Amino acid sequence: MKIMQMQVGPIGTNCYILEDGGKIAVIDPGDESGRILDELKKSGAQVEYILLTHGHYDHTTAVPELHAALPEAKIYIHQADANGAGSRLFPLAGQVDDLLLYDEGDTLSLASLTIEVLHTPGHSPGSVTLKTGDVLFTGDTLFAGDCGRTDLRGGSWEEILASLGRLGRLEGNFHVLPGHGPASTLDTERQVNPYLRQGMGLN
């Protein structure tokens with residue numbers, strides 16, 4: 001498993017290129033489709049999936065361009081974010097006709113990897129965390145030392161606390177790869193992140 005991180009767009013969204021066995025999943029292509037496509041061409045691997053942790057524009061803006069260039073790649077998003085829900089959500093359904101939906105407990109295969117979908121609402125109704133191996137792609141649910149905002153339409157402080165608590169109670173340690181900012185580990189967040197600790201009932 002190889003993971004490449006790119007910061008894209010005006011607010012530096014983390015886009016990830018997950019590769020295993022000559023297959024690729026692009027996670028949260030938020031902008032700068034040309035840069036992303038250049039990196040994909042360099043890899044020489046086949047793009048199987050475009051996976052979205054949620055529907056906000058800064059995580060989805062490059063999707064239509066990637067879809068046009070890579071029509072065989074399957075695009076997944078949670079139903080609750082698929083049609084847009086306010087000005088801060090990008091209505092993909094209006095530009096990409098063949099969106100696929102995933103939800104809690106669904107799994108996708110990428111070469112030898114299994115990607116498991118955890119529904120972790122709060123930042124948006126359809127926020128998900130993608131778990132594969134010892135890695136969590138947490139979108140805007142969990143950041144290093146912080147968590148996503150809940151004041152946008154569809155956000156919920158109570159839901160994000162429940163989602164953070166759920167992540168904190170996962171068995172074992174994980175690399176935390178968030179939608180913005182630096183990477184962390186789940187063990188570190190259990191120790192220092194006040195919101196994760198609150199969600200776990202530790203504060």
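The buried residues of helix 1 are covered by several elements, including strand 1 (2–8), strand 2 (13–20), strand 3 (23–27), strand 4 (46–51) and helix 3 (63–69). Helices (H or I, at least four residues) and strands (E, at least two) are DSSP runs, numbered from the N terminus. Keep in mind that this is a predicted model, where local features need pLDDT of at least 70, side-chain atom pairs count only at pLDDT 80 or more, and totals for chains, interfaces and linings use all residues. Residues are numbered from 1 along each chain as its sequence is written, and side-chain values use heavy atoms, with hydrogens and water left out.

**Helix 1**

- Which residues of helix 1 are buried? In this helix (residues 33–43) they are Ser33, Ile36, Leu37 and Leu40; buried means under 20% relative accessible area, exposed over 50%, and partly exposed in between (1.4 Å probe, protein chains only).
- These four sit on the same side of helix 1, because they cover an arc of only 95° around the axis. The arc is that of the directions from the helix axis to the C-beta atoms.
- Just after helix 1 comes glycine 44, with a positive phi of about 70°.

- Six strands make up an open sheet with mixed pairing, in the order 1-2-3-4-5-6. Two strands pair if DSSP finds at least two bridges between them.
- At the edges stand strand 1 and strand 6; each has a single partner strand, so one side of each is left without a neighbour in the sheet.
- Strand 1 and strand 2 run antiparallel and are joined by seven bridges, with valine 8 opposite threonine 13 in strand 2.
- Strand 2 and strand 3 also run antiparallel, joined by five bridges. Tyrosine 16 has isoleucine 27 in strand 3 as its bridge partner.
- Two residues lie between the strands in the hairpin of strand 2 and strand 3, where glycine 21 takes a positive phi near 55°.
- Is the pairing of strand 3 and strand 4 parallel or antiparallel? They pair in the parallel sense, over five bridges, and isoleucine 27 stands opposite leucine 51 in strand 4.
- From strand 3 the chain crosses through helix 1 to strand 4, and this β-α-β crossover is right-handed. That term applies if, with the strands pointing away from the viewer, the path from the first strand over the helix to the second runs clockwise.
- Strand 3 is mostly covered, with four of its five residues buried.

**Nonpolar cores**

- The largest nonpolar core has 22 residues, and those with the most contacts inside it are Ile24, Val26, Ile36, Leu40, Ile50, Leu66 and Ile75. Such a core is a set of buried Ala, Val, Leu, Ile, Met, Phe, Trp, Tyr and Cys residues joined through side-chain atoms within 4.5 Å.
- Helix 1 gives the largest share of this core, three residues.
- A second, separate core of 18 residues includes Tyr16, Leu18, Tyr49 and Tyr76.

**Isoleucine 50 and lysine 74**

- Not counting residues up to four places away in sequence, isoleucine 50 touches Val26, Pro29, Val63, Leu66, Ala73, Lys74, Ile75 and Tyr76. Contact means heavy atoms within 4.5 Å.
- Lysine 74 lies in strand 5 and is partly exposed, with a relative accessible area of 44%.
- Lysine 74 and isoleucine 50 are 24 residues apart in sequence and 6.0 Å apart in space, C-alpha to C-alpha.

**Aromatic pairs**

- How many aromatic pairs does the structure hold? There are four. Rings of Phe, Tyr and Trp (its six-membered ring) pair if their centres lie within 6.5 Å; planes under 30 degrees apart count as stacked, over 60 as edge-to-face and the rest as tilted.
- Tyrosine 76 and tyrosine 102 form a stacked pair, 5.3 Å centre to centre with 20° between the planes.
- Tryptophan 157 and tyrosine 195 form an edge-to-face pair, because their ring centres are 5.9 Å apart and their planes are at 85°.
- Tryptophan 157 counts as partly exposed at 32% relative accessibility, and tyrosine 195 counts as partly exposed at 29%.
- One aromatic cluster is formed by Tyr49, Tyr76 and Tyr102.
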